Amino acid sequence: MFIRSKLIQIVFAGAALFVSVVSDAKDDFTLNEQQQINIETPGLFSYSDAFTVDFAGLRDGDYCFPLPVGKAKLVKDNFVEISTSKGDAVKAMFGGVVRMSRHHPTYGNVIVLRHDNGLETVYARNAQNMVAVGNRVKAGQTIAIVGNTDGTGMCLFAIMVNGGRINPGTLLGLRSHRLFKQTILCRKSDGHVDMSVVSGGKNIDVADDSFYKRDPFGGKGKFVINLSDLSPDEWCYPLQGAKVISNYGSRGRRSHTGVDIKTKANDKILAAFDGVVTMSQRYAAYGNLVRIRHANGLETYYSHNSKNLVKTGERVRAGQVIALTGQTGRATTPHLHFECRVNGSHFDPGKIFDHANHSLRMDMVTFVKRGASVSVRTDRNYLAKGK
């Protein structure tokens with residue numbers, strides 16, 4: 001087993017462990033670890049299903065933005081593009097060991113660092129890798145020379161936990177390059193890792209929200225979301241184990257703008273996709289409402305909550321707990337009222353989720369704008385491989 005861990009701090013009454021990785025100057029990795037970017041970290045959850053990382057306690061020199069003078073922007077799949085001068089030096093974000101250093105058919109020259117804090121970082125499209133597998137590096141050490149994309153120096157960067165990419169905006173400001181002074185909790189659950197902030201700092205760099213605020217139509221009359229393109233860590237059914245108690249559409253004299261799903265009172269409500277919370281407050285008949293804007297152009301509503309657990313402006317990840325089910329507002333039983341919207345127009349969440357199986361549909365969803373309204377058409381994606 002690669003990770004030889006010492007348990008140096010027990011928090012939350014022993015439920016979560018702060019993991020410190022003790023490594024020699026040279027470490028051995030399996031062939032798969034040396035060749036695959038997204039792969040689970042052996043032993044990461046051997047002692048507990050959760051661990052914390054304390055960024056507030058870092059000393060000077062323990063952290064470095066990969067390209068300190070570069071300009072960063074969030075792109076799809078939780079990657080960050082950092083543009084800079086050609087030939088600039090790519091730096092290691094934290095101290096760690098080189099797990100992978102090779103040419104990848106999709107991402108060119110790639111380096112993956114496995115860090116002592118349990119995270120991994122990815123540096124792709126490099127002109128030249130300067131380190132080899134097994135090398136131990138320090139934060140701020142030069143590990144590669146930035147590649148050249150369309151005449152501009154460009155590094156493709158990502159942060160991972162147990163092989164899954166996480167939203168970097170929850171950890172650092174892409175404009176300021178500053179690491180948020182906070183403690184995060186990483187918990188393994190049903191084959192994926194949930195990450196949440198448990199103390200300190202803030203979860204958002206407001207200047208970085210343009211990716212979420214853009215017009216999904218891009219000035220055109222329609223746009224398409226291919227649901228089969230989403231990986232398992234990019235979506236989550238909002239209430240696990242729920243049953244539908246009221247469908248979308250006409251309900252007596254009123255139009256039901258979402259779907260009501262129910263389990264039990266104070267059950268955990270999960271974010272359907274990565275996004276930014278644009279409202280978290282009591283709102284008319286909705287009661288306690290959380291509204292999230294997603295990078296794919298959708299908005300989702302979660303209402304009648306007994307308690308909202310996120311704040312306006314907070315970045316959230318798919319599967320993150322955002323609220324608890326309740327009966328606030330106009331509701332006759334504790335449940336979740338869940339809505340999907342585009343440009344303010346609601347549509348049937350059943351076009352996105354299969355409620356019976358609590359799964360994402362594998363369809364092509366086309367949104368067409370006609371004046372102030374939006375129509376939605378779904379087509380089966382027969383090319384969805386293995387889904």
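## Aromatic pairs

At 15% relative accessibility, Phe45 is classed as buried in this predicted model, because the cut-off for that class is under 20%. A search of the whole structure finds 15 aromatic pairs. One of them joins Phe45 and Phe51 in a tilted arrangement, with 5.6 Å centre to centre and 50° between the planes. Phe51 is likewise buried, at a relative accessible area of 0%.

Phe347 and Phe367 form an edge-to-face pair, with 5.4 Å centre to centre and 70° between the planes. Since Phe347 belongs to strand E31 and Phe367 to strand E34 (residues 363-370), this pair ties together parts that are 20 residues apart in sequence.

Strand E30 (residues 336-342) is largely enclosed by the rest of the structure, because seven of its seven residues are buried. Leu336, Phe338, Cys340 and Val342 point one way from E30, while His337, Glu339 and Arg341 point the other way. In a regular strand, side chains alternate between the two faces of the sheet.

E30 pairs in the antiparallel sense with strand E22 (residues 259-262) over three bridges, and Phe338 is the bridge partner of Val259. Antiparallel pairing with strand E26 (residues 299-305) runs over five bridges; here Glu339 is the bridge partner of Tyr301. Tyr301 also has Arg341 over the face of its ring, at 4.7 Å from the ring centre. With strand E31 (residues 345-347), E30 forms three antiparallel bridges, and Val342 stands opposite Ser345. E30 and E31 make a hairpin with two residues between them, and Asn343 in the turn has a positive phi of about 50°.

## Nonpolar cores and aromatic cluster

The largest nonpolar core has 39 residues, and Tyr123, Ile143 and Leu171 have the most contacts inside it. Strand E14 (residues 152-161) gives the most to this core, with four residues. A second, separate core of 35 residues includes Ile269, Phe273, Tyr302 and Phe353.

Phe273, Tyr302 and Phe353 also belong to one aromatic cluster, together with Trp235, Tyr237 and Phe338. Phe338 is among the buried residues of E30.

## Confidence of the model

The chain averages a pLDDT of 84, and 86% of the residues score at least 70. Over residues 1-26 the pLDDT is below 50, and this stretch has 67 contacts in the model beyond near neighbours in sequence. Residues 201-208 also have a pLDDT below 50, with 29 contacts beyond near neighbours in sequence. Where pLDDT is low, the predicted coordinates should not be read in detail.

Terms used. Residues are numbered from 1 along each chain as its sequence is written. This is a predicted model: local features need pLDDT of at least 70, side-chain atom pairs count only at pLDDT 80 or more; totals for chains, interfaces and linings use all residues. Side-chain values use heavy atoms; hydrogens and water are left out. pLDDT is the predictor's confidence in each residue, from 0 to 100. Contact means heavy atoms within 4.5 Å. Buried means under 20% relative accessible area, exposed over 50%, partly exposed in between (1.4 Å probe, protein chains only). Two strands pair if DSSP finds at least two bridges between them. A nonpolar core is a set of buried Ala, Val, Leu, Ile, Met, Phe, Trp, Tyr and Cys residues joined through side-chain atoms within 4.5 Å. Rings of Phe, Tyr and Trp (its six-membered ring) pair if their centres lie within 6.5 Å; planes under 30 degrees apart count as stacked, over 60 as edge-to-face and the rest as tilted. A charge sits over a ring if NZ of Lys or CZ of Arg is within 6 Å of the ring centre and within 35 degrees of the ring normal.
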